[in-house]
Amino acid sequence: MSDRLTQLQDVVNLLADHLCNATGVLQETARPSRFGDFEQNSTTTTNSNVDNNGDDYSRLFASLITRTTSELVALIDSLPAIPSTEDDLLEQHAQLELLEQENIETTSRLEQTTELAEYLLEQVQTCLQSLSQALLDERKKFPQGQ
Amino acid sequence: MEPPPVLSSAFPLPPMSYIELFSNDNISQNNKILQPPPPIDGPYDLFGLFVNGIDHSEPIIRPLAAQQIQRVYTRPDDYKGELKKLCFAILTNYLDLLQIVSRSTLTPSTDSGNITLREQKLNEIELLFINIHHLINELRPHQARETLRVILEEQKQQREKTSEKLYSFLNRIVDVLNSAVYSLNDLVPKTSN
């Protein structure tokens with residue numbers, strides 16, 4: 001799912017596509033229009049835009065375009081408040097700098113804790129080593145469990 | 001007897017000449033570790049096209065629409081209102097276009113006799129679309145800053161949590177060790193002298 005601005009731009013492009021397609025298709029499938037005073041032999045009873053197959057393209061495209069427009073308006077409404085004044089921009093800037101500072105502090109604290117953990121690990125390892133060495137020496141001295 | 005299984009992987013090997021520079025010994029000696037190259041300043045080659053470097057003096061992120069194209073929206077403060085106005089302007093202009101095209105295509109326009117009404121209307125619709133896209137693009141820097149803010153927050157939270165958990169583990173370890181030492185002291189008989 002792309003971010004909201006990209007979605008917005010996609011819907012705008014979709015609206016443009018609908019408009020172009022609508023004009024094209026309606027022009028292609030339109031019935032020949034009547035001349036003003038000129039009498040025509042074939043007097044048609046219906047005057048609607050219904051195609052031979054019964055597809056009402058004008059209604060279809062009208063609904064598509066209105067649906068896309070309402071989608072666009074809904075997306076625009078869902079946008080969050082956007083800072084436009086200088087004060088808001090300065091505030092945003094200050095927030096970012098503060099966050100960066102705090103990030104650096106937490107990083108250094110994490111590094112310190114990691115160092116402490118590594119030191120403790122070293123200590124425990126040396127203790128284990130000396131213990132196991134002492135055990136081995138004892139077992140060598142008294143091989144038969146005396 | 002089966003031959004020992006050959007270690008193979010689906011992926012090709014990494015570039016060995018590059019990896020050998022980062023061996024453990026090299027890092028511990030801090031011996032000329034390859035730094036990533038700094039970002040390029042000035043013009044560079046982008047997909048075969050020469051691109052000018054980023055000019056930090058101008059707000060290049062949001063190039064002004066007034067350079068080449070007329071700006072239609074009036075107040076850049078109220079983003080939502082202007083976007084909606086542009087959207088409905090597009091629809092009304094489209095209806096006008098339909099009316100023009102259905103009545104007469106070749107009428108020259110009243111403003112400038114060179115182009116037809118239809119072309120003038122098409123140009124207006126094109127202008128509106130360009131404006132609406134430009135307005136949306138002007139919101140991008142703000143989006144980038146907000147994303148950066150969220151990422152920094154998340155990083156900070158994660159680092160704080162990790163260091164706290166690690167600290168509590170260390171405390172527990174120290175407690176366990178102390179209790180082990182005390183119980184050991186109880187077991188060992190006191191040597192006189």
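Colleague: Thanks! Which side chain does B:Arg140 meet in a salt bridge?

Modeller: The side chain of A:Asp3, at 3.2 Å from N to O. A salt bridge here is a side-chain nitrogen of Lys or Arg within 4 Å of a carboxyl oxygen of Asp or Glu. The pair crosses between chains, with B:Arg140 in helix α5 of chain B and A:Asp3 in the segment before α1 of chain A. Helices are DSSP runs (H or I, at least four residues), numbered from the N terminus.

Modeller: Before we go on: this is a predicted model, where local features need pLDDT of at least 70, side-chain atom pairs count only at pLDDT 80 or more, and totals for chains, interfaces and linings use all residues. Residues are numbered from 1 along each chain as its sequence is written, chains are lettered from A and ligands numbered from 1 in the order in which they are written, and side-chain values use heavy atoms, leaving out hydrogens and water.

Colleague: Got it. How many salt bridges are there between chain A and chain B?

Modeller: Three. One of the salt bridges in the model pairs A:Glu102 with B:Lys156, at 2.6 Å from N to O.

Colleague: Is B:Lys156 buried or exposed?

Modeller: Buried, because its relative accessible area is 12%; the cut-offs are under 20% for buried, over 50% for exposed and partly exposed in between, with a 1.4 Å probe and protein chains only. A:Glu102 is partly exposed at 26%.

Colleague: What else is B:Lys156 in contact with?

Modeller: Leaving aside neighbours within four places in sequence, B:Lys156 is in contact with A:Leu99, A:Asn103 and A:Thr106 as well as A:Glu102. Contact means heavy atoms within 4.5 Å.

Colleague: And how much area do chain A and chain B bury between them?

Modeller: About 3800 Å², 73% of it on carbon and sulfur atoms. Buried area is the accessible area (1.4 Å probe) that two parts lose on being put together, summed over both. Chain A brings 41 residues to the contact and chain B brings 38.

Colleague: New topic: how many residues has the largest nonpolar core?

Modeller: It has 30 residues, and A:Leu8, A:Ile65, A:Leu72, B:Leu83 and B:Phe129 have the most contacts inside it. Such a core is a set of buried Ala, Val, Leu, Ile, Met, Phe, Trp, Tyr and Cys residues joined through side-chain atoms within 4.5 Å. The largest share, eight residues, comes from α3(B).

Colleague: What does A:Leu72 touch, sequence neighbours aside?

Modeller: Beyond four places in sequence, A:Leu72 is in contact with A:Leu8, A:Val11, A:Val12, A:Leu15 and B:Cys87.

Methods
Helices (H or I, at least four residues) and strands (E, at least two) are DSSP runs, numbered from the N terminus.
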